[in-house]
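Here are my notes on the model you sent over. Please read them next to the sequence and the coordinates.

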Amino acid sequence: MFSQNMIIRDGEYTRTIYTMIKEERFVEAINTLNGIPESSTTRAGLSLLGHCYYQTQDFIEAANCYEHLLNLVPDVQEYRLYYAQSLFQAGLFEEAQKIVANGLEAPDLKEKVMQLQSAIAYGNEDYTTAQSLLLQRQDGGNGQEAATKNDEGCLLYQAGMFEDALARYVSALQAGGFNPHVAYNAALCHYRRKENSQALNYIAEIVERGIRNHPELGVGAQAETEGGARSVGNPPALAASGLAQAFNLKAAIEYQEGNLEGAREALTDLPPRSEPELDPVTLHNMALTDPVGGGAGLRRLAFLLELGPPTCPQETFANLLLLCCKHEMYDTAADILAEHTHLTYKYLSPYLYDLLDALITAQSTPEEAEQKLGTLANSIGGRLRSLAAKVQECRSATDQNALRMALREYEAALESYLPVAMARAWIPWRMDDFQGAEREFRASAEFCSETPSWRLHAAHVLFMRGDRYKEAAAFYEPIVRQNYDEILSIPASVLANLCVAYIMTSQNEEAEELMRKVERAEERKGNAAGQCLHLCIVNLVIGTLYCAKNNYEFGLSRIAHALDGGSGARLCADTWIHVKRCVLGLLTGMAKQTIVLPSIALQETLNFLRACEAYGLTIPSVLTGPLEDSADHAPTIGLESRKLRALLLRLMEYK
């Protein structure tokens with residue numbers, strides 16, 4: 001018989017299959033068993049298939065095998081337990097509970113049955129029943145004690161009592177020795193308590209032991225081969241090692257700290273698997289950190305949401321709505337809320353629901369949205385003031401524990417207040433009411449004036465006022481100074497706006513020095529592939545500024561220089577919009593006879609547009625949304641540059 005290009009002689013099937021199982025080659029064992037017709041009709045074959053399917057985490061197939069076994073030998077209680085366990089692992093909690101409740105009463109399985117019942121109740125979020133079953137469990141050896149401590153920690157964690165839960169997990173590790181899953185639970189408690197360094201210590205130990213004990217999992221292979229590593233699948237070793245949980249938690253910590261690249265690296269270090277083999281948590285985190293764009297992330301989150309709980313992570317619903325709002329897909333967010341009202345009250349906090357509701361309402365009735373956000377801001381602002389007073393009291397009393405708790409509460413309240421303050425300023429901003437946006441920023445300065453993100457957006461608002469460049473520069477300068485040695489880590493918009501602010505306040509030397517610094521940094525990094533666009537964007541913004549001041553000769557030359565004369569890799573929809581805007585401004589002024597350019601400047605503009613036409617023949621000229629596909633007939637930069645050149649020639653009276 002042939003199996004996986006291997007011949008199995010008669011009389012050696014049993015030894016071969018059991019050798020595969022011993023060596024954890026479960027997929028090969030499944031393929032071999034499926035090649036034997038009797039496997040699906042005999043007790044021995046179904047038992048082996050059920051075990052192998054369970055080990056490969058194909059719990060539905062495992063449940064089917066054990067269901068057939070119960071029809072063959074209904075009196076074997078172990079098969080009933082395995083059937084219930086398979087249903088539970090597949091997320092079919094109600095079906096698993098029915099199997100447990102109907103005839104699973106073997107005395108020697110009582111402890112395992114009670115443990116499964118407790119897990120089912122926990123999965124159904126029936127924590128009272130889970131607690132009651134936990135109290136009925138018997139005391140055993142160190143292994144049983146460790147399991148009980150871990151389960152107690154899970155219930156305390158679910159109740160938000162992270163400190164008490166952490167104490168249980170530490171006790172479980174002391175009683176039963178190192179267990180990667182218990183260590184992960186302890187790391188998760190530290191993460192919830194904002195103690196990221198302690199969480200990373202647990203993660204490092206899980207990863208170190210996982211690499212040492214399971215080199216076959218290929219940790220880091222994706223990074224070394226740039227994503228070309230062979231998939232290791234989902235072997236039992238991966239589930240036992242806790243590596244998937246550890247790397248996902250590390251990614252969450254990096255993401256929370258604003259290090260998106262670090263989060264992607266953590267996910268890349270995971271054992272290589274194909275996308276259909278990924279667990280829901282990894283798929284969810286990859287959606288949030290997708291480097292390609294928002295479209296792939298939205299599709300992944302929507303897919304997970306369709307699977308529904310308990311398969312999809314609880315955060316999926318909220319993150320999908322937030323990602324839609326981030327990409328200004330408010331109608332889509334409203335539709336998702338309407339279609340999943342049963343999840344709204346379960347997975348959205350009242351605060352998050354009110355914030356999302358206000359953002360969606362702002363599209364049709366900004367006044368009503370302002371009222372909702374004002375009510376929310378006043379509520380959180382009052383809490384911030386009371387917490388600030390509490391912090392002062394704790395400092396006076398020199399109670400360090402109470403002070404840490406009060407500071408943690410204040411920081412959590414401030415994290416909730418900041419998005420509301422940003423949203424209140426965003427409503428007038430989107431209507432070009434920059435004075436109104438500035439007014440909202442001043443109203444929130446009491447709490448947020450030292451927050452980096454608040455200062456950044458306040459600088460943008462002052463910059464857009466058009467007469468507050470000096471104040472805007474005062475906000476931008478600390479951001480640049482703080483990252484001066486790694487200047488390319490600063491958003492290009494900050495560098496461009498600061499240069500413009502310097503120019504508008506007659507500080508040309510400072511602007512030139514900043515641009516030289518950016519240019520040197522790009523040269524060191526290597527810009528041959530057009531990956532570094534900081535200097536390009538700075539030049540585009542400065543060129544647009546001069547064009548807005550009717551100095552089209554210098555402004556267009558700056559824009560052409562930024563895009564390498566229209567023949568470089570920097571030519572794309574993002575940069576082309578600046579070219580269009582300035583050239584159309586020039587054409588409008590020439591048509592009205594309010595702008596006159598020297599013939600040499602006009603000829604340089606024609607040459608620039610001709611180069612854009614040649615190199616932009618297949619490059620789309622418009623930006624598409626994250627869920628929009630570029631149509632085949634979409635306009636290209638080459639086509640639009642040809643039209644602009646024709647209009648310019650006509651205005652120059654060429655025939």
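1. **Charge network.** Start with E438, R442, R465, R468 and E471, which are linked in a network of salt bridges. A salt bridge here is a side-chain nitrogen of Lys or Arg within 4 Å of a carboxyl oxygen of Asp or Glu. Side chains of opposite charge can pair when their charged atoms come close. The search of the whole structure returns 28 salt bridges.

2. **Basis of the values.** This is a predicted model: local features need pLDDT of at least 70, side-chain atom pairs count only at pLDDT 80 or more, and totals for chains, interfaces and linings use all residues. Residues are numbered from 1 along each chain as its sequence is written, and side-chain values use heavy atoms, with hydrogens and water left out.

3. **R193 and E163.** These two side chains meet in a salt bridge, at 3.7 Å from N to O. The pair links distant parts of the chain, 30 residues apart: R193 sits in the loop between α11 (180–192) and α12 (196–213), and E163 in helix α10 (residues 162–176). Helices (H or I, at least four residues) and strands (E, at least two) are DSSP runs, numbered from the N terminus. Which partner is buried? R193 is, at 15% relative accessibility. E163 is exposed, at 51%. The cut-offs are under 20% relative accessible area for buried and over 50% for exposed, with partly exposed in between (1.4 Å probe, protein chains only).

4. **E613 and R642.** Here the closest N and O atoms of the salt bridge are 2.9 Å apart. E613 belongs to helix α33 (residues 599–615) and R642 to helix α34 (residues 637–651), so the bridge ties together parts that are 29 residues apart in sequence. E613 counts as buried because its relative accessibility is 12%. R642 has a relative accessible area of 42%, so it is partly exposed.

5. **E261 and R264.** This salt bridge has an N to O distance of 3.5 Å. Both residues lie in helix α16 (residues 260–268), 3 residues apart, about one turn of the helix. E261 counts as partly exposed, at 46% relative accessibility.

6. **Negative patch.** Which residues form the negative surface patch? They are E306, D331, D335 and E339. Patches are made of residues with over 30% relative accessible area and no salt bridge; like charges are joined within 9 Å, and nonpolar side chains (Val, Leu, Ile, Met, Phe, Trp, Tyr) within 5 Å. Helix α20 (residues 330–339) gives the largest share of the patch, 3 residues. D335 is found in helix α20. Its relative accessibility is 45%, so D335 counts as partly exposed.

7. The chain carries 58 positive and 83 negative charges, and their mean positions are 5 Å apart. Lys and Arg count as positive and Asp and Glu as negative; His and the chain ends are not counted. Each charge is placed at NZ of Lys, CZ of Arg, CG of Asp or CD of Glu.

8. **T451.** This residue lies in the loop between α25 (434–448) and α26 (452–465). Is T451 buried or exposed? It counts as buried, because its relative accessibility is 15%. Beyond its neighbours within four places in sequence, T451 is in contact with L414 and L418. Contact means heavy atoms within 4.5 Å.

9. **L407.** Look for L407 in helix α24 (residues 400–429). L407 is partly exposed, with a relative accessible area of 28%. Leaving out residues up to four places away in sequence, L407 touches V391 and R395. The C-alpha atoms of L407 and L644 are separated by 59 Å, at 237 residues apart along the chain.

10. **G374.** Helix α23 (residues 366–397) holds G374. G374 counts as buried, at 10% relative accessibility. C-alpha to C-alpha, G374 and E145 are 52 Å apart in space, and 229 residues apart in sequence.

11. **Whole chain.** The chain has 34 helices and 2 strands. Its C-alpha trace spans about 95 × 75 × 45 Å along the principal axes. Of the 655 residues, 45% count as buried. Among contacts with a separation of 6 or more, 58% come from residues 24 or more positions apart. The accessible surface is about 34400 Å², and 50% of that belongs to carbon and sulfur atoms. Accessible areas come from the Shrake-Rupley method with a 1.4 Å probe; for residues, only the protein chains shown count as cover.
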